[in-house]
Amino acid sequence: MMRASLPLRRGMPTSVLGSVSANLARPSSVLAAPSASKFTSLQSNKAPSNLSKRFYSSKTPNEIASEAQADFDPHAITAMDKQSPPEPGADFNVVIVGAGNINFGSDEGPWNHSFRLEHKLGPRLKVVGLIDPSADRAEKVLDVKRKSFVLSAYKDTIVYPTFADYVRNRDPAKPPHAFWVGSPPAFRGREESGRDLEKALVEAFPNAGIFIEKPVSTGPVDEAFAIAERLKSAGNIVSVGYMLRYLKVVQKMKQILEENNLKVMATNARYIMAYEHTAKLDWWDKSQTCGPIVEQATHFCDLSRYFGGEVDLDSVLAHSLEHFEPAGHLRRVPVPEETIAPEQRIPRITCATWKYTSGAVGSLTHAVALHGYNYSTELDIIADGHSLRLVDPYNAPVLYFRRPGDDHEEVVRYQSDDPFFSEVSNLIDNIELGPGSAPILSSYEDAVKTYALTWQIRNRSEEQVRKLGKGPANF
Ligand SMILES: NC(=O)c1ccc[n+]([C@@H]2O[C@H](COP(=O)([O-])OP(=O)(O)OC[C@H]3O[C@@H](n4cnc5c(N)ncnc54)[C@H](O)[C@@H]3O)[C@@H](O)[C@H]2O)c1
């Protein structure tokens, strides 16, 4: 049974050639750099070993697609203001991990998980804990909430500096139903103490649902696969924040492929970011945020995999344009980039190609190139007789598609889509109504495969730089 945002019914889009009110503003990564974190460079992140290879199946993209898609209805009403008001009822206890932008919003984008939780759960929401080493930041966001109509959800929220502190001092009378994890990825996805949140979490709370932001880690890919295995055997319901999968236009693309029994022949992703206002120094430093492929293009690598299926990681080829090459000079870098070690400065362009296990070909061009604010992002899916072109999924998602019998592109837009609300709503439904009650479109294991692809692209591009003997020392 599907819930409010995802009924079973399927059909044609409500607005073909209509207008779009979905305003997803700018892509996530402008502000996604974890500011509080200092961690070692991960240039040694290796291709997956035998452990991780266990996670790679021989499923076809269509099999993966139909499994993942369940019965997602592109007609479903996903805007928060179009939902029925949440009903009163028993408390739903949430522990929020990270008092930063993704959980509490910023003016840089539409993300704000707490706002969606409030609208999903209404008076039932009780945020029983907020875990953040920065008590100041945590108290500031709570202060704002307590001055608003959602006071009841936050009036008794206790701030804890660490997860361990929460476990030790929590009120056992308020067991958490869900953890909402938006801490920097440097502090999760690993086995090492202090970065092993998932491990500690499932040991202490085997029945709690868990939401985890992308990317799943900044650590070794193998360790992230080990965490995937741990989560799987623990059995907690887990959802990862690749929210673009929840876009109705994305689900419409899935529907076209499925209904026409199409095999994807190629995916072609293009992500041209506007860098002029990206003023977080850490974002420009690979030793801090792992670089723009692992941190930013991850959303498009994920969408590519969502359509193309499993990637043969050994097939990945990549080139980059680096800051020390003549064509790599940028005139409006808004941070003192010279303070970053030369070998840790980010590439300006990364172009990669790969094979999917189906034989299909994938490609990605990521560029740090535009001025102004708006990014230019597109994903093409090519199949026999069909071209599906997803344009601007962050701001104003539109699907242009061409099918047999017509040389013209049809245009699909949906009113008031909110993929962030859908991912929040669906996880809550799974926790409350049981697994499978609404589609969870990004599992932890699947998200680790995206993480592995992004590292493989980064590593392959850097290998090429070294092969050409052009990079600075230690590159
Ligand atoms: N899906 C999206 O569109 C999207 C958008 C923005 C951010 N994100 C992701 O969300 C995550 C957080 O990003 P952000 O922009 O909110 O960062 P941020 O820097 O704004 O906030 C991070 C918060 O976590 C706190 N923190 C640091 N270490 C912690 C720990 N060990 N435990 C708990 N809290 C800790 C910091 O003090 C800070 O308050 C990143 O993984 C990022 O990629 C995703």
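Analyst: First, a cut-off: a residue is buried if 20 or more other C-beta atoms lie within 10 Å of its own, exposed if 12 or fewer, and partly exposed in between. The model is predicted. With that cut-off, strand S5 (residues 209–212) reads clearly: Gly 209 and Phe 211 point one way, Ile 210 and Ile 212 point the other way, and all are buried.

User: Which residue stands opposite Ile 212 of S5?

Analyst: Strand S4 (residues 178–181) and S5 run parallel and are joined by four bridges. The residue opposite Ile 212 is Val 181.

User: In what order do the six strands of the open sheet run, and which are the edge strands?

Analyst: The pairing in this sheet is parallel, and the order is S3-S2-S1-S4-S5-S6. The twist averages 20 degrees from one strand to the next. Two strands pair on one side only, and these edge strands are S3 (158–160) and S6 (238–240).

User: What is the bridge partner of Phe 92 in S2?

Analyst: Strand S1 (residues 92–97) pairs with strand S2 (residues 125–131) in the parallel sense, over six bridges. In S2, the partner of Phe 92 is Leu 125.

User: What is the pairing of the eight-strand open sheet, and which are its edge strands?

Analyst: The strands are ordered S8-S9-S10-S7-S11-S12-S13-S14, and the pairing is mixed. Neighbouring strands are turned by 15 degrees against each other on average, direction ignored. Pairing on one side only marks the edge strands, S8 (311–321) and S14 (410–412).

User: What is the bridge partner of Ile 381 in S12?

Analyst: Strand S11 (residues 376–383) and strand S12 (residues 386–391) run antiparallel, joined by six bridges. The partner of Ile 381 in S12 is Leu 388.

User: Why does Ile 272 count as partly exposed?

Analyst: Ile 272 sits in strand S7. Leaving aside neighbours within four places in sequence, Ile 272 is in contact with Ala 367, Ala 369, Leu 370, Tyr 375 and Ser 376. A buried residue needs 20 or more other C-beta atoms within 10 Å. Ile 272 counts as partly exposed because its C-beta neighbours inside 10 Å number 17.

User: What separates the C-alpha atoms of Ile 272 and Ile 349?

Analyst: Along the chain, Ile 272 and Ile 349 are 77 residues apart. In the model, their C-alpha atoms are separated by 9.0 Å.

User: Which strands does helix H13 lie across, and at about what angle does it run to S7?

Analyst: H13 lies across S7 (264–274), S8, S9 (349–356), S10 (361–370) and S11. Its direction relative to S7 is about 165 degrees.

User: At about what angle does H15 run to S8?

Analyst: H15 lies across S8, S9 and S10. The angle to S8 is about 50 degrees.

User: At roughly what angle do the axes of H13 and H15 cross, and what is the handedness?

Analyst: The axes of H13 (residues 298–308) and H15 (residues 444–467) come within 9 Å. They cross at roughly 115 degrees. The crossing is right-handed.

User: Which residues of H15 meet H13? How do the contact residues divide?

Analyst: From H13 come Thr 298, Cys 301, Asp 302 and Arg 305; from H15 come Lys 449, Thr 450, Leu 453 and Thr 454. The residues of this contact divide into two nonpolar, three polar and three charged.

User: How many residues of H15 are buried?

Analyst: H15 has 24 residues and reaches 34 Å from first C-alpha to last, close to the 34 Å expected at 1.5 Å a residue. Gly 469 follows H15, with a positive phi near 65 degrees. The helix is mostly covered, and its buried residues number 19.

User: How far apart are the end C-alpha atoms of H9?

Analyst: H9 (residues 221–234) has 14 residues. Its buried residues include Val 221, Phe 225 and Leu 231. Gly 235 follows, with a positive phi near 85 degrees. At 1.5 Å a residue H9 should span 20 Å, which agrees with the end C-alpha distance of 20 Å.

User: What share of the 475 residues in the protein chain is buried?

Analyst: The chain has 15 helices and 14 strands. Among contacts with a separation of 6 or more, residues 24 or more positions apart account for 83%. Buried residues make up 50%.

How values were computed:
Residues numbered from 1 in each chain as written. Predicted model: local features only at pLDDT ≥ 70, side-chain atom pairs only at ≥ 80, totals over all residues. Axes fitted to C-alpha atoms, helices over the stretch in contact; angles between N-to-C directions. Left-handed = near helix turned anticlockwise from the far one by under 90°. Contact = placed C-beta atoms within 7 Å. Nonpolar A, V, L, I, M, F, W, Y, C, P; charged D, E, K, R; others polar. Pairing = 2+ DSSP bridges. Expected span 1.5 Å × (residues − 1).
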